[in-house]
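Reader: I have a structure to go through and would like to learn how to read its features. Please take them in turn, with the general idea ahead of the case.

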Amino acid sequence: MDFVLLADDGQDPGALARREAARPRQVAKIRTNVAAGRLVMSRPRLRTDGVTTGSLQVFRLVVQAAMAACPPSEPFAQTGIWTGRQALDFRIAPISWKPQAGRAVGETGPAHGFAITARGGADAEAGQRRLAARPRHFARLAPEVAAGRVGAGGAVPDAPKGRMVGSLIPLALPDEAAVRARLTGEPSVAKGAWQDIRIERWRIGAQPHHLLPGAGGTA
């Protein structure tokens with residue numbers, strides 16, 4: 001079972017200094033989670049000018065109870081760096097992903113790019129729009145994964161009912177203009193499956209992250 005942790009940093013004048021002071025403990029925690037096979041991806045969320053606004057982490061956990069225990073144990077949560085956080089159920093898309101940054105045959109340094117977080121509508125037809133877009137959406141993803149433009153991604157389900165209500169896709173693209181150009185041809189946008197779309201800069205550290213489905217190589 002997977003889940004996404006979205007955390008927001010404080011934006012007061014001392015926020016960046018507090019983050020840097022707590023960062024060694026947070027990095028150590030990330031490495032512990034990676035070594036235990038719990039962490040698929042960890043990255044800071046950034047403004048377009050590079051200033052950190054929060055964190056995004058994707059976990060693979062064996063039991064549901066671990067989801068509740070994990071966020072409070074993060075040093076950034078314990079030291080008040082994160083002023084808000086949300087844990088969402090997540091389902092990594094069933095695609096043959098490439099190894100993550102830090103794997104033996106993956107990136108050897110930090111991976112940079114953008115992330116799209118998209119939500120669908122809450123109306124009765126939202127599920128049908130998503131199903132209508134799904135075949136073309138996956139057909140488009142496959143060559144982008146092969147070309148290295150998409151590193152991971154999946155769906156955000158509505159926890160009580162298991163319906164797909166959103167998506168998360170990191171993109172290795174050079175600038176926001178390229179991201180928006182990609183969105184103009186995205187079937188999920190054309191079919192109205194994605195309506196509330198957030199674009200953020202991101203950076204994934206080169207840790208031996210948990211292998212994604214279909215990825216080869218070893219840590």
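Author: Start with contacts: two residues are in contact when they have heavy atoms within 4.5 Å. This is a predicted model, in which local features need pLDDT of at least 70 and side-chain atom pairs count only at pLDDT 80 or more, while totals for chains, interfaces and linings use all residues. Residues are numbered from 1 along each chain as its sequence is written, and side-chain values use heavy atoms, with hydrogens and water left out.

Reader: Which residues does A133 touch, not counting residues up to four places away in sequence?

Author: A133 touches P187, S188, K191 and A193. Take S188: it is 55 residues from A133 in sequence, but the C-alpha atoms of the two are 5.2 Å apart in space.

Reader: Where is A133 found?

Author: Helices (H or I, at least four residues) and strands (E, at least two) are DSSP runs, numbered from the N terminus. A133 is found in helix α4, residues 126-146.

Reader: How many helices and strands does the protein have?

Author: There are six helices and eight strands. Along the sequence their pattern is β-α-β-β-α-α-β-β-α-β-β-α-α-β. As for contacts in the protein between residues at least 6 apart in sequence, 76% of them join residues at least 24 apart.

Reader: Is A133 buried or exposed?

Author: Buried means under 20% relative accessible area, exposed means over 50%, and partly exposed is in between (1.4 Å probe, protein chains only). A133 counts as buried because its relative accessibility is 1%. In the protein, buried residues make up 46% of the 219 residues.

Reader: Next, charged pairs. How many salt bridges does a search of the whole structure find?

Author: A salt bridge is a side-chain nitrogen of Lys or Arg within 4 Å of a carboxyl oxygen of Asp or Glu. The search finds eight salt bridges. One of them joins the side chains of D8 and R45, at 2.8 Å from N to O. D8 lies in strand β1 (residues 2-9) and R45 in strand β2 (residues 39-46), so this pair ties together parts that are 37 residues apart in sequence.

Reader: Is D8 buried, exposed or partly exposed?

Author: D8 counts as partly exposed because its relative accessibility is 35%. R45 has 4% relative accessibility and therefore counts as buried.

Reader: What is the distance in the salt bridge of R45 with E200?

Author: In that salt bridge the closest N and O atoms of R45 and E200 are 3.2 Å apart. R45 lies in strand β2 and E200 in strand β8 (residues 196-204), so the pair ties together parts that are 155 residues apart in sequence. Both R45 and E200 are buried.

Reader: With which residue does E186 form a salt bridge?

Author: Its partner is R182, and the closest N and O atoms are 2.9 Å apart. E186 is buried, with a relative accessible area of 0%, and R182 is buried as well, at 6%. Salt bridges that share partners join R140, E144, R182 and E186 into one network.

Reader: Now the rings. How many aromatic pairs does a search of the whole structure find?

Author: Rings of Phe, Tyr and Trp (its six-membered ring) pair if their centres lie within 6.5 Å; planes under 30 degrees apart count as stacked, over 60 as edge-to-face and the rest as tilted. The search finds two aromatic pairs. F3 and F59 have ring centres 5.1 Å apart and planes at 10°, so this pair is stacked. F3 lies in strand β1 and F59 in strand β3 (residues 52-60), so the pair ties together parts that are 56 residues apart in sequence. F3 counts as buried at 0% relative accessibility, and F59 is buried with a relative accessible area of 0%. F76 and W82 form an edge-to-face pair, 5.9 Å centre to centre with 80° between the planes. Both F76 and W82 are buried.

Reader: Which residues is D2 in contact with, leaving aside its neighbours within four places in sequence?

Author: D2 lies in strand β1 and is in contact with F59, R60, D89, F90, R91 and I92. D2 is buried, with a relative accessible area of 8%.
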